[in-house]
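Here is a short report on one protein chain.

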Amino acid sequence: MDGPRHNSTNFTNSNETNTAVYSGEMAKIEIIVQAIILYFTIFGNAVVLIVFRWKLKRLSRMQWFIVHLCIADIFVGFFNILPQLIWDITYRFQGPNFLCKMVKYFQLVAMYASTYVLVVTALDRYISICHPLTSHTWTKRRANAMVLVAWVLSLVFSIPQLILFTLMETFPGSGEYDCWETMSNGEPWEIKAYATWIFLSIYFIPFLILSFAYSRICYVVFISVSSKEQVRVSFNTKASVCNKKGNLLKTPRAHTRCASKSKKKTIYLTMTVVLCFLVCWGPFFVAQMWAAYDPTAPFTGKSVVTMKRSLIKMIE
């Protein structure tokens with residue numbers, strides 16, 4: 001399939017891309033958005049790491065997972081967002097074929113690592129809260145093993161990028177090269193299979209695991225706090241009846257209020273994690289799957305060009 005293609009992290013192509021619109025108008029939007037995301041990604045996570053380094057002498061298991069979450073997000077910033085930002089500025093990929101393959105490889109490694117470290121963190125919380133007796137046998141060494149597995153899987157699952165992407169001419173005889181995937185020149189099912197694998201391994205399956213783990217955590221926390229409140233009410237009732245002077249004993253409700261706040265906080269944080277994962281990754285994978293399975297997907301053409309121009313006018 002000859003014709004201009006997108007230079008983004010995705011592996012789908014477009015044979016109707018308006019080069020002038022992309023290099024001028026669309027690139028301006030992408031550069032602004034990615035620069036903002038890059039700043040907050042690196043700055044926000046670096047602040048967390050600095051606070052942990054100077055304020056805490058010894059990290060708990062949960063804090064250790066948070067450190068690796070920050071490292072994974074910084075990895076996304078430097079190896080996914082930054083190369084894409086430079087690529088949008090130069091429009092065509094600048095570098096040899098080896099660099100093309102490395103950039104595409106580490107872009108996907110960053111996506112996998114960010115997701116899988118989040119998943120192992122959720123599994124650690126699930127074991128600690130839902131199976132507290134088992135969690136006592138979990139040492140820091142096992143926590144390190146879980147994080148190591150997440151990073152190793154990320155490195156292994158991204159290997160196809162080294163094979164699928166290469167530096168090639170944009171048009172035969174043009175002398176202009178870009179870093180593109182080669183599946184479009186093969187069978188139609190190949191790009192569909194790879195798109196589906198990426199969707200399942202980075203988005204769908206991790207989302208199911210996160211939903212299961214955090215829903216179980218919410219359920220256990222809710223049941224535990226409710227049981228404590230019932231025991232507290234029962235104890236206060238008996239104490240009031242046994243008071244010989246007829247004066248009601250003061251009931252310590254501070255513990256109950258704190259437990260209720262803790263329950264609400266846990267549920268809110270859980271919903272935030274799952275919803276952020278769903279919403280932030282959702283549009284990307286919807287677009288990827290749509291483009292892979294529908295050759296006529298409306299990502300280019302007059303309607304999209306009009307939308308791009310209207311967005312440019314909004315930010316100017």
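Buried means under 20% relative accessible area, exposed means over 50%, and partly exposed lies in between, with a 1.4 Å probe and protein chains only. This is a predicted model, in which local features need pLDDT of at least 70, side-chain atom pairs count only at pLDDT 80 or more, and totals for chains, interfaces and linings use all residues. Residues are numbered from 1 along each chain as its sequence is written, and side-chain values use heavy atoms, with hydrogens and water left out.

**Overall fold**

The protein chain holds nine helices and two strands. Helices (H or I, at least four residues) and strands (E, at least two) are DSSP runs, numbered from the N terminus. Their order along the sequence is α-α-α-α-α-α-β-β-α-α-α. The chain has 316 residues, and 40% of them count as buried. Contact means heavy atoms within 4.5 Å. Among contacts with a separation of 6 or more, 76% join residues 24 or more positions apart.

**Helices α3 and α5**

The expected span of a helix is 1.5 Å times one less than its number of residues. Both helices below agree with that expectation.

In α3, 25 of the 34 residues are buried, so the helix is largely enclosed by the rest of the structure.

Which residues of α5 are buried? They are Ala143, Met146, Val147, Ala150, Trp151 and Ser154. These residues cover an arc of only 125° around the axis, which puts them on the same side of α5. The arc is that of the directions from the helix axis to the C-beta atoms. An α-helix has 3.6 residues a turn, so residues three or four places apart point the same way. The cover over the buried residues of α5 includes α2 (61-90) and α3. Exposed Arg141 and Leu148 sit on the face of α5 turned away from its buried side.

**The second largest pocket**

A pocket is found on a 1 Å grid over the protein atoms alone, as an open set of points with protein on both sides within 12 Å along at least five of seven lines; lining residues have an atom within 4 Å of a point. The second largest pocket has a volume of about 180 Å³, counted as the space filled by probe spheres set on the points. Its lining has 14 residues, with Tyr116, Val119, Leu153, Pro206 and Ile209 nearest the centre. Two or more lining residues come from each of α3 (97-130), α5 (140-157) and α7 (188-242). Helix α7 gives the most, with six residues. The lining divides into 13 nonpolar residues, one polar and no charged. Here Ala, Val, Leu, Ile, Met, Phe, Trp, Tyr, Cys and Pro count as nonpolar, Asp, Glu, Lys and Arg as charged, and the others, Gly among them, as polar.

**Single residues**

Trp64 belongs to helix α2. Is Trp64 buried or partly exposed? Its relative accessible area is 22%, so Trp64 is partly exposed. Beyond its neighbours within four places in sequence, Trp64 is in contact with Leu59, Lys140, Ala143 and Asn144.

Val33 lies in helix α1 (residues 19-55). Val33 is partly exposed, at 40% relative accessibility. Its C-alpha atom is 9.3 Å from that of Leu85, 52 residues apart in sequence.

Tyr91 is in the loop between α2 and α3. It is buried, with a relative accessible area of 17%. Its phi is near 70°, a positive value in a residue other than glycine. Most residues other than glycine have a negative phi.

Methods. 1 Å grid on protein atoms, 1.4 Å probe; cavity = no way out; pocket = protein on both sides within 12 Å on 5 of 7 lines; lining within 4 Å.
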